[in-house]
Amino acid sequence: NIVVNWYSINLQPLIGIKDSVLEWSSQKLKAGEIIATASAYREDTLKVLIRTDVKIIVGDKEGAEIQNLFLTTDDDGFTFYVYGYTLTDSFIGPLKVKWNLMTQENIGVIDTGWAESTKIEFSHTGKGKVIAIYDENITDTTGLIGVSGGRAVKLSIEKVRDTIRADDSLKLVVKGYDRDNNYTSQLGQLSWSTIGEINGDFWPNNKVFADTVFYFPQRVGKGQLVVKSLDFDLQDTTNPIVVVPGKLFYLEIQPEGPETLYLEEKLSLWVLNYDRKSNLIDTGKAYWRLAGNLVGETSNDIYSKYFWFKATQAGEGYIIAYFDSDLVDTISIVVLPFYVDRIEIVWENNKLVSDTSLTTDEDSLIFFAIAYNQEGEYLGRVNVAWQLEGEHIGSFAYLETREDNLLELTTPGVARIKAIYQSSLIEGESG
């Protein structure tokens, strides 16, 4: 056996290998020499020429060159590979290179060692490029790698103002953050709601992918707004907000009326002010005035929440509360000359009409309505509306309200006469 010493020039070191057979492979594409020597024999040299007219390409697992690439921070472990080619594009195979990541925004880290492939772990959004270095003259760089936020793992609504009027709107912006705490637009389908005393509408409508919506309150009170991601089972709640009444939109007089008074009787009223959403405005006031044939004493303060009227003369009219020409409410008032407690239907001689048998020949029967107060004092005849109840025995000659009426009998039967005073407030019946 001959002991052979192997050496290399400009290639991987072979010093110290003593064997008659050398198995050698190169990890670098370059030219050089391999020399074998034996002490008792001659020296021999094998010139090894490995082509340097090659190029490398960073690609995916299938070998496709990676141009511009758009990933998210959830794409940890994305793998890059490098392949060698001749300058005439003949495939050489995978090559070991040194890897590097070029980024100003610290999008992540890669293994920078010598290897045929490398994986990237993303941590921030931004841009960068992956570089493969075979030697100082043989390199390749990917296209631009854009990294956006991954799937949201947290929602956060931007702080909103603490107080809002019911006729106003509130802009709501929700932000999402991925597992690396990067801002992300991957929020999923969002649903908005209210909790507490408040309610209202959201626009765009619920179950949207928009990160900005507007809230239109309805009911006054305290509460919070809640956003939920239906796809990712996430939610966030605003800081507490208070919805207060909006601007004055309409008035209402209380009691609503109509009202019937008697002479010297005092009527107390007040006004309620509401906003556009029908929320009560506590500080509501109005101007007050009389209209029609109302005569009497009134409050001294005509701009107030409260108003009173004391009738001094019989008549009909209106009490009006207003703030301007568009904000008006009215109730109707009837003032009676005396207080009627009971109505009776009588004949012309004031004899009470009791159960009576008549014939159809008696078709000129005149009935009268008389009134009494609570003390049973006779007040005289009063105007009433006349009706027949029961079978159709005939009809009254006059349809209007009056103190007397003529009954014309046409058909046999049984009926009762009813006299109605002041719109059903007091009624009287015959036998």
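Select Arg179 and Asp74: they form a salt bridge, with the closest N and O atoms 3.7 Å apart. A salt bridge here is a side-chain nitrogen of Lys or Arg within 4 Å of a carboxyl oxygen of Asp or Glu. Arg179 lies in the loop between β17 and β18 (183–184), and Asp74 in the loop between β5 (69–72) and β6 (78–86), so the pair ties together parts that are 105 residues apart in sequence. Strands (E, at least two residues) and helices (H or I, at least four) are DSSP runs, numbered from the N terminus.

A note on the model: it is predicted, so local features need pLDDT of at least 70 and side-chain atom pairs count only at pLDDT 80 or more, while totals for chains, interfaces and linings use all residues. Residues are numbered from 1 along each chain as its sequence is written, and side-chain values use heavy atoms, with hydrogens and water left out.

**More salt bridges**

Stay on Asp74. It is partly exposed, with a relative accessible area of 31%. The scale is this: buried means under 20% relative accessible area, exposed over 50%, and partly exposed in between (1.4 Å probe, protein chains only).

Now select Lys175 and Glu158. Their closest N and O atoms are 3.5 Å apart, in another salt bridge. Lys175 lies in strand β17 and Glu158 in the loop between β15 (154–157) and β16 (163–165), so this pair ties together parts 17 residues apart in sequence. Lys175 is partly exposed at 30% relative accessible area, and Glu158 is partly exposed at 37%.

Next, pick Asp404 and Arg402. Their salt bridge has its closest N and O atoms 3.1 Å apart. Arg402 is partly exposed, at 21%.

Salt bridges that share partners join Asp74, Asp76 and Arg179 into one network. How many salt bridges does the structure hold? The count is 11.

**Into strand β17**

Select Leu170, in strand β17 (residues 170–177). Is Leu170 buried or exposed? Leu170 counts as buried, at 3% relative accessibility. Show its contacts (heavy atoms within 4.5 Å). Leaving out residues up to four places away in sequence, Leu170 touches Val160, Arg161, Ile164, Val213, Phe214, Tyr215, Leu225 and Ile241.

**Rings and charges**

Select Tyr83, Tyr85 and Phe91. Ring pairs link these residues into a cluster. Rings of Phe, Tyr and Trp (its six-membered ring) pair if their centres lie within 6.5 Å; planes under 30 degrees apart count as stacked, over 60 as edge-to-face and the rest as tilted. The whole structure has 13 aromatic pairs.

Now go to Lys154 and Tyr177. The charged end of Lys154 sits over the ring of Tyr177, 5.0 Å from its centre. That label needs NZ of Lys or CZ of Arg within 6 Å of the ring centre and within 35 degrees of the ring normal. Then select Arg381, which lies over the face of Phe368 at 3.8 Å from the ring centre.

**Zoom out**

Show the whole chain as a cartoon. The protein has 0 helices and 42 strands. Of its 431 residues, 39% count as buried. Among contacts with a separation of 6 or more, residues 24 or more positions apart account for 52%.
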